[in-house]
Amino acid sequence: MGLRTPLYDTHVAAGARMVDFGGWDMPVNYGSQIDEHHAVRRDAGMFDVSHMCALDLTGSRTREFLRYLLANDVAKLKTAGKALYSCMLNEQGGVIDDLIVYYMHDSWFRMVVNAGTRDKDIAWIRQQAIAFSVEVKVRDDLAMIAVQGPNARSKVVSVLGEATQSALELKIFSGAELGGYFIARTGYTGEDGFEVLLPKEDVAQTWRTFHAAGIAQCGLGARDTLRLEAGMNLYGNDMDEAQSPLESGLAWTVAFEPTERNFIGRASLEAQQRAGLSRKMVGLLLEDRGVLRSHQPVIVEGQPNGEITSGTFSPTLERSIALARVSVAAQGSVKVDIRGKHLVARIVSYPFVRNGKACIEL
Amino acid sequence: MSNIPADLKYLSSHEWVRVDEDGSLTVGISDHAQSALGDLVFVETPDVGRQLKAGEAFAVVESVKAASDVYSPVSGEVLAVNESLVATPELINQAPYGEGWLMKLRPSDSSELSKLLDASAYQAVVDAAH
């Protein structure tokens, strides 16, 4: 038996197909995964993401600590509630995890890290935090529901009531504590929406209320197709401790400016830049029929050249799409080895889909 | 609960077989299999005329989640494949024992049919998987 979120019984009662996900028993779908995907692109859907781990970091030197710990720079966060996406690197510049950090106030930041990396993340953060006298508190008392889609925000507020009304004024990538909930305008689908952190005792009732308001129950299967269409990396697939963010399509999340800021992994990333990067992350669109999957080899001019890190059938585009790590010179048309057959794919810039609309030419 | 028609034969790898009046076989995947795979989006079918051995992978069915091989229940020659699955692989989800059939096969050794599972034996396989 795996770990269970406070919504486990709710999922089972709803007929969800439960699978192991990083040690957690999680719903992969409740019925049609494609219908769940479309619900998020066209209306509103919700995901139990309580397996993800919220951490509260407190102490007068928390900002200084996070400027050292993270590759992105929390000095960019100037307004209470503002969020930042960042990688947390090791000294070699490999990615320990990717995460979201919220600036609550000057001596309090909140982080949400991945479920599968939870234990090593906490150990690493606590080890680094000692020198800064920062306290790291694991918020296992909280559950989290991501509600995503063009109608997600209005439906959430209509259900949660008056105290949360001002959530509609939240800017993108910002959060606030409202009526006992922490509500943030963030997500992992390429659609607008909220991620709601709430006491785990309340989450089953809130889930039922959301469902009654017409928010579709969605599993991790749809979450994966949505994030891949949105061109968002998945830790463990698209990057890990052996990969640099610079070769994972995440250079935009590394703040080299200001140059005087030292952060863990900086020296290694600068050395990689001086030596020249050899690989890059690209989007692929399959021109032939079939489905791209992770670890399928990419072939450029007859030679093996990297592999797919995440691939799927895109329900929105009705074509197969992927992220792949290939040599920096690769461009245009490539082949992908699918069970010994070499099928034609085209390198495209991603995201593939945002806010319900295709971002690439088919 | 998955549907397991009593008049079909099965493999423990979740294929079904119907013996047609002319002695040929129709083969597909079970309701349990389509449900476990989820929404099907791509089917790779064999060439007509191909000679298959019992237990040989003859097709690949891909859902949004994963790709899965489909195995031939007995040895024989492929007589026909379901061309509708090219454009509408979801027929397998909608009617796994009907319009979602995968291929028709002419068996070369009808004694192999006796090794297939009947509905109650296949039900036990499905129950054991839960």
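Hi everyone. Let me start with a definition: a charge sits over a ring if NZ of Lys or CZ of Arg is within 6 Å of the ring centre and within 35 degrees of the ring normal. In chain B, B:K104 lies over the face of B:W101, at 4.7 Å from the ring centre. Over in chain A, A:R63 lies over the face of A:Y103, at 4.7 Å from the ring centre.

Some housekeeping: this is a predicted model, where local features need pLDDT of at least 70 and side-chain atom pairs count only at pLDDT 80 or more, while totals for chains, interfaces and linings use all residues. Residues are numbered from 1 along each chain as its sequence is written, chains are lettered from A and ligands numbered from 1 in the order in which they are written, and side-chain values use heavy atoms, with hydrogens and water left out.

Now, the rings. Rings of Phe, Tyr and Trp (its six-membered ring) pair if their centres lie within 6.5 Å; planes under 30 degrees apart count as stacked, over 60 as edge-to-face and the rest as tilted. How many aromatic pairs does the structure hold over all chains? There are 9. One of them, A:Y85 with A:W252, is stacked, at 5.8 Å centre to centre and 15° between the planes.

For burial, the cut-offs are under 20% relative accessible area for buried, over 50% for exposed, and partly exposed in between (1.4 Å probe, protein chains only). A:Y85 counts as buried at 17%, and A:W252 is exposed at 63%. Next, A:F256 and A:F263 form a tilted pair, 6.5 Å centre to centre with 50° between the planes; A:F256 and A:F263 are both buried.

Finally, ring pairs link A:F65, A:Y68 and A:F132 into a cluster. Thanks, everyone!
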